[in-house]
Amino acid sequence: MLEDTKFGISATRSIYMNLIVTEDSCCGLSKTVIVNRGDNVMISCSYSEKHKNYPKIMFKKEKASMELIHTTETWGNKKYFSDDRKENLFSVRITAVTPDDGGMYLCGVWIDRHSYSYCIINTVYLHIINKLNVYKVSSYSGGGLMIKCEHPQYKTKPKYICKESDGCSERKNPGVQDEWMENGDVSLYDDTRAGVLMVFFRELKAADAGTYRCGVKESDYTESFTELQLSVKHDAKYPNSMTESVYLGEEVNISCPVHFCKEDNNHICQNISSSKVTEMSGSSERNEERVVTVSISDVSVSDAGVYWCGAETRDTYLTFISLTTKIQLNLIMPPVVRREGESAEIFCPYDSIYKSKPKSLCKGKCSTRDRNPLSETVREEKETKTDRLTLKDDVTASVFTGSITALTPEDAGKYWCAVTLETELNYLHTHLMVIMNEELNLTKYEGDDVSIQCKHQDEDQKSFCKAHEASMCVKDGVSLETIRDDRFSFSDEASAGVFTVNITDLREEDSGIYWCGAHVITEVHLNIKRDFSMIIIISVCVILLLIAGFTLTVCTLRHERRGDAHSQSPTIPSDGLLYTAVSFQKHPEESLSEATVRLSKNE
């Protein structure tokens, strides 16, 4: 209790007086009353039987002073006083409350009018709340949700979010301003420049559903909030996950509904502001969400990571973004191709912000439980060496390197460069391809068939590629998957660790260098020749046919000539010889050449 303490009191009669608070068993009771702005409220104070006949009084604490609100003898515009002596309860009713009505109220009894002695029997804290609007928000279990509560007129005032199911007893706030902070299963950011509280649910659960208040504390006793009714739906289609891979320095296009953001190191999805990111024209169909294509040019190591696509809804006091599609953007380094027995270096560039973080190489399924860490991690400015592997981190160049000597087929595979944060971030991968020293040389003739056996491991993607260099098979090679020719087929014999490629009806253009296998590569030289023996046989046949045709033609011509000669000779009957006389008569004026032969019909 306060004893012999002096307060300046601004009373209704505009006088100053001394307030003497004496110790009493009735004192010390306190309670909190919460009322919506514009509503009416009743502040009630109970008193003991011994104070039944004393005048009652109420003060409101105003910073360093006390304002006299009511006595049994005074009435205000909005405040109405009543004293129920049967219940030993006196009350003050305030109508149409405003933020100015919020504060700490002291209930007391006026013990001595002459000395202005009062006994304070109750303390009432009146909180005024202002509900700005109500929004219904829905999202999917397992996805992310970003909520932005806007209070631009209270930029520097502390902001919060709470769940009404527990009476808003647990108010989550960042604790600090202009910095992301974790609070339980959510992350919060109080942006004092824009007057916005950002709340990010990393992975929604069914338990997150409910009614929330997203508000700002205007003063100790007044606050404004937006009511948020969150429903969490379960759908096997969401969240959708996909993986995009792109070579360093190239461009990648990602299509998604409206909102596009990237997770930072704290797994908070942040808006992307970069000159390398361009939002291309979107398209929409009837009854479908609008889709935009985001283009990231000149991809670097800082662009690798997790991106989210989602739908964004804006209103006056609230913006919410439901994140439904998770995109893992992986970077690919050009493949490292070496022959069996040689040495290989795997270069892993990284963002300079990770220079002090531990780094490691990982082979195979690095993002799963059965990951195969290749060695101990390498730390800043150190070198780690185990057996045939050496890891070295060059923080000046922001590159760490893994060197492997005396390569064997077992060294071949997919390698991930990893940075260890709270968890391992596998951001870049490359392929180590080991070419077997033993080559396969095949010579066939056009029209023949051929079967080629290729080695592979179970987890490897089978590859049969035609290219000048094995490194081209990862990116630019003409592989079995891209050949649209029914003459090519393959059969898998997983138990034997081989698959067979079959090519029928070989042609001369099938000749070339093939790379057969997966990461363990066999070099195959296929040479297709023409079968000249068949050409010779066909040529001889053609010549013989030409000769036969010529001979037949000559004989036919000779026979025709002989037939003509016989047709000019007289026909002799079979029963005897007949003679005919031909007379040539020459006129003096005719030459011998003009002489004619005339045969009568009878002759």
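Predicted model: local features only at pLDDT ≥ 70, side-chain atom pairs only at ≥ 80, totals over all residues.
Good morning. I begin with a sulfur bridge: Cys261 and Cys269 form a disulfide, with 1.9 Å between their sulfur atoms. The torsion about this S-S bond is about 100 degrees, so the disulfide is right-handed. Are its two cysteines buried or exposed? Cys261 has a relative accessible area of 1% and is buried. Cys269, at 4% relative accessibility, counts as buried also.

How many does a search of the whole structure find? The search gives six disulfides. One of them joins Cys45 to Cys107, with an S to S distance of 1.6 Å. This pair links distant parts of the chain, since Cys45 belongs to strand β4 (residues 41–46) and Cys107 to strand β9 (residues 103–112), 62 residues apart. Both Cys45 and Cys107 are buried.

A further disulfide runs from Cys348 to Cys417, S to S 1.9 Å. The link of Cys348 and Cys417 is left-handed, with -65 degrees about the S-S bond. Which parts of the chain does this pair tie together? Cys348 lies in strand β27 (residues 344–349) and Cys417 in strand β33 (residues 413–420), so the parts that are tied together are 69 residues apart in sequence. Cys348 is buried, as is Cys417. To set the two torsions side by side, the bond of Cys261 and Cys269 is right-handed, whereas that of Cys348 and Cys417 is left-handed. One more cysteine deserves a remark: Cys541, with 40% relative accessibility, counts as partly exposed.

I now move to the aromatic rings. A pair of aromatic rings is described by the distance of the centres and the angle of the planes. Across the whole structure, the search finds eight aromatic pairs. Among them is the pair of Phe260 and Tyr307, which is stacked, with 5.2 Å centre to centre and 10 degrees between the planes. Phe260 lies in strand β20 (residues 259–263) and Tyr307 in strand β24 (residues 305–314), so this pair ties together parts of the chain that are 47 residues apart in sequence. Both Phe260 and Tyr307 are buried.

Phe464 and Tyr514 also form a stacked aromatic pair, with 4.9 Å from centre to centre and 15 degrees between the planes. Here too distant parts of the chain are linked: Phe464 is in strand β37 (residues 463–466) and Tyr514 in strand β41 (residues 512–517), 50 residues apart. Phe464 is buried, and Tyr514 is buried as well.

Over which ring does the charged end of Lys56 sit? The ring is that of Tyr47, and the charged end lies 4.4 Å from its centre. The charged end of Lys359 sits over the ring of Tyr350, at 4.5 Å from the ring centre.

Another lysine shows a contact between separate stretches of the chain. Lys217 lies in strand β16 (residues 210–217) and is partly exposed, with a relative accessible area of 36%. The C-alpha atoms of Lys217 and Lys159 are separated by 6.1 Å, although these residues are 58 residues apart along the chain.

I close with the empty space. Rolling a probe the size of a water molecule over the atoms shows where empty space is left. The count comes to one cavity of 30 Å³ or more. The largest cavity holds about 30 Å³ of space. Which residues line it? The lining of the largest cavity consists of Arg37, Pro99, Ile128, Ile129, Asn130, Glu218, Thr222, Glu223 and Ser224. The elements that give two or more residues to this lining are β10 (117–140) and β17 (222–233). By class, the lining of the largest cavity has three nonpolar, three polar and three charged residues.

The second largest pocket contains about 310 Å³ of space. Its lining has 14 residues, of which Lys61, Glu62, Gly102, Gly103 and Tyr221 are the closest to the pocket centre. Two or more residues of this lining come from each of β5 (56–62) and β9. With three residues, β5 gives the most to the lining of the second largest pocket. By class, that lining divides into three nonpolar, four polar and seven charged residues.

Thank you for your attention.

Conventions:
Residues numbered from 1 in each chain as written. Heavy atoms only, no water. 1 Å grid on protein atoms, 1.4 Å probe; cavity = no way out; pocket = protein on both sides within 12 Å on 5 of 7 lines; lining within 4 Å. Points joined across faces, edges and corners; volume = space filled by probe spheres on them. Helix = DSSP H or I, 4+ residues; strand = E, 2+ residues; numbered from the N terminus. Nonpolar A, V, L, I, M, F, W, Y, C, P; charged D, E, K, R; others polar. Disulfide = S-S within 2.5 Å. Buried < 20%, exposed > 50% of the residue type's maximum accessible area, 1.4 Å probe, protein only. Phe/Tyr/Trp six-rings, centres within 6.5 Å; stacked < 30°, edge-to-face > 60°. Lys NZ or Arg CZ within 6 Å of the ring centre and 35° of its normal.
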